Amino acid sequence: VANGTYNETVVINAITGASAVNRVRFVGASGDSSKVILTSFASTTNAQNATVQLNSASYITFNKITIRKTFPSTPTTTYYGASCVAFIGTASFDSISNCQIRGVYDLTYLGNSPTGYYNGNIQAFSTSSVASNVVYNNLIKYGAIGIQYYGSTNGNASNIIANNIIDSAVYYGMYLQNFNNLTITKNNVKMGYPVYPAASSYTTY
């Protein structure tokens, strides 16, 4: 992907022919994740609005790219759709690696309900079959929730969250529910910068 800022929502559905030996890769051409930026505006509607949506897509890789969410203007009302990356439906064997995932930092206008709103920087929300995805070696910064994995049932299995820096989420560094065989290792979760976290905030819940 050439250097530049791309103002758009990217929705990837299942791709015929994608497999373990034939992955679809989106890689920053310069090798510097700050040079390629995918960005879109947060939404006041409580619905899926992630900048990158992996909609039952499998064997997709994003590498060395910034994926961002911003407010469209100075906020005056609550935003409920503020995710950067979403695993949807049966998204499986996908990877987000060596990226910057940058959400909105706001203590007033980000909806706070990890089981009710689509506000995790990286999220799988109310899913039942998201499996074997890898979130590895990313900077995940700001947002209501750094990583929001909320399953509607226990069918989500074998996902990996490893070697990430999760920095300055407002409410939760990670919120994890109904995900089986979830591997979480060597992540650095930091709360409270640049201002302070919400009164009730958790590194991992």
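Two strands count as a pair if DSSP finds at least two bridges between them. Keep that in mind as we walk through this predicted model. Strands E5 and E8 run parallel and are joined by four bridges; one link to look for is Val52, whose bridge partner in E8 is Val85. On to another pairing of E5: four bridges also join E2 to E5, again in parallel, and here Val11 has Gln53 as its bridge partner in E5.

Next, look for the nonpolar core. The largest one has 30 residues, and those with the most contacts inside it include Phe62, Ile67, Phe87 and Ile101. A second, separate core has 12 residues, including Ala42, Leu110, Ala144 and Tyr175.

Let's zoom in on Ile67. Leaving aside neighbours within four places in sequence, Ile67 is in contact with residues including Leu38, Val52, Phe62, Val85 and Ile101.

Finally, visit the loop between strand E7 (66–70) and E8, where you will find Ser83. Is Ser83 buried or exposed? Ser83 has a relative accessible area of 1%, so it counts as buried, since the cut-off for buried is under 20%. What does its side chain reach? The side chain of Ser83 comes to 2.9 Å from the backbone oxygen of Tyr118, and a polar atom of that side chain lies 2.7 Å from the backbone oxygen of Gly120. Not counting residues up to four places away in sequence, Ser83 also touches others, among them Asn49, Thr51, Lys69 and Gln123.

Key
Residues are numbered from 1 along each chain as its sequence is written. This is a predicted model: local features need pLDDT of at least 70, side-chain atom pairs count only at pLDDT 80 or more; totals for chains, interfaces and linings use all residues. Side-chain values use heavy atoms; hydrogens and water are left out. A nonpolar core is a set of buried Ala, Val, Leu, Ile, Met, Phe, Trp, Tyr and Cys residues joined through side-chain atoms within 4.5 Å. Buried means under 20% relative accessible area, exposed over 50%, partly exposed in between (1.4 Å probe, protein chains only). Contact means heavy atoms within 4.5 Å. Helices (H or I, at least four residues) and strands (E, at least two) are DSSP runs, numbered from the N terminus. A polar contact is a pair of N or O atoms within 3.5 Å; within protein, one must be able to donate a hydrogen and the other to accept it, and residues adjacent in sequence count only if both atoms are side-chain atoms.
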